[in-house]
Amino acid sequence: MSIEEYIKSKRFSVSEINTIDNNINQPRVYERSIIKSEIMQVVKDRISEKRDIDVLNIHESKRVVKEIAWKWIEEEVDLNYSHLMLNSNDKYEIFESLIQNMFGYGVIEPFLKDSQITEIMINGPKNIFIEKSGKLIRALDRRGNPLEFTSNEELKNIIDKIVAPINRKVDESDPIVDARLPDGSRVNIVLNPIALDGATVTIRKFPENPYTMEHLVEFGSTSQEVADLLKKMVYARYNIIVSGGTGSGKTTFLNALSMYIPPESRVITVEDAAELNFSQVENLVRLETRPPNIENKGQISMRALVKTALRMRPDRIIVGEVRGGEALDMLQAMNTGHDGSLSTGHANSATDMLMRLETMVLMAGMQLPMLSIRQQISSAVDFVVHLTKLRDGSRRVVQITEILGVNGTEIITNDIYRFKEEGMEEIDGRVRIKGKLTRTNHEISNTQKFVSAGIKDFI
């Protein structure tokens, strides 16, 4: 019998737990939590002192720890806590917490493995929230109690585990950092005293197997008609900006769009934290920014990477998100033969995205006249695809806008599709917004790239 089978055979049912918890000799819930944390720490210290654990072989170490942990937990309970009548489920929770603490990310480890959870928000050690199926809820343990870290130190240890593998640092002198987990999940960390209620960690999860456009059609994010049009746009090398608010699904949508790039292309991706994950392109170079070191040296910015990408003979450049002066370099790349480039940006509408691009170009420090900037934008960007997270938690494409040029001082746009809301409906007990992405009466004006790619039936 394996150690896992043995442990499971020792666990009580929920009804037995409730019966035991009602016993007057049992410590109350919050006391039990403290006691279990103490036992876990004692056993963890004993394991850390064990000399024959191979710290360089994580799988072997985990196997050894599993074999000795349960035995030492039972020894510690029998020796120092026998009067508290801790049951087998209590011991299993100690065992589970120990493994998560030593080889994972503590109490949030189960949420990282749950594919239905898209965001984890830690507001100090005592407040953990998750986004599940588009709804924000309090994180609960298996007993239905609010999930918490036992101390600020435990949360700090988890933060150190996150930033150490990617050579980033976060401390009182530099309390804000962006990072990523090995699975590509995006992490933002803010320490106190900047975060007044304790260290704040926000984890944006991405699916283990990236969503394709077919998945997004199935989820109702867009229609098959629009997906077919976008596929032809990417193949024909139109330059596309995906815009939207925070959490609207821009990166997921950009990744799905990128899967339409022909596999023989040479693609360079530029990101603040590497998140894009598409595998059909073999000739792929992934670039990621680097923050300054402790001596405030060695920083590699988005602007530097975009400039470097231009010297790497790319067929297409994908900029994960434009936030500042790199927008100017990206526009210049689009205007100098790198058609088919893709990027994302924060905005409330397609028109707002164009205004934000103007502002970001100015952030590059070049004293360019506004008319020149608008001409660059209208010449470089062909389409803006705008996404929104609706009130029901769903993420939808709500606007596809063509950029036509500049008329005097204004950029001319042409809406091809717009989302039309049609009320509410209840599906499987959940209220959903009814609506669809509707074709406008406007035709696509710039069809030259479709023609050059041999695409006749493009809409």
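**Entry 1: one residue**

I looked up N414 in this predicted model and found it buried, because its relative accessible area is 6%, under the 20% cut-off. I placed N414 in strand β14, which covers residues 410-427. Leaving out residues up to four places away in sequence, I listed its contacts: N414 touches I400, T401, E402 and L404, and also H442, E443, I444 and S445.

**Entry 2: the sheet**

I then traced the sheet that holds β14. It is an open sheet of nine strands with mixed pairing, in the order β9-β8-β10-β11-β7-β12-β13-β14-β15. I noted β9 (283-288) and β15 (430-439) as the edge strands, each pairing on one side only. On average, neighbouring strands are turned by 20° against each other, direction ignored.

I checked what packs on this sheet and found helix α9, residues 224-235. Helix α9 touches β7 (240-244), β10 (316-319), β12 (383-389), β13 (395-407), β14 and β15. The direction of α9 makes about 150° with that of β14.

I268 stands opposite V285 in β9.

**Entry 3: the chain**

I counted 15 helices and 15 strands in the protein chain. Of its 459 residues, 47% are buried. I noted an accessible surface of about 23100 Å², with 50% of it belonging to carbon and sulfur atoms. Among contacts with a separation of 6 or more, 57% are between residues 24 or more positions apart.

Conventions: Residues are numbered from 1 along each chain as its sequence is written. This is a predicted model: local features need pLDDT of at least 70, side-chain atom pairs count only at pLDDT 80 or more; totals for chains, interfaces and linings use all residues. Side-chain values use heavy atoms; hydrogens and water are left out. Helices (H or I, at least four residues) and strands (E, at least two) are DSSP runs, numbered from the N terminus. Buried means under 20% relative accessible area, exposed over 50%, partly exposed in between (1.4 Å probe, protein chains only). Contact means heavy atoms within 4.5 Å. Accessible areas come from the Shrake-Rupley method with a 1.4 Å probe; for residues, only the protein chains shown count as cover. Two strands pair if DSSP finds at least two bridges between them. Axes are lines fitted to C-alpha atoms, for helices over the stretch in contact, and angles run from 0 to 180 degrees between N-to-C directions.
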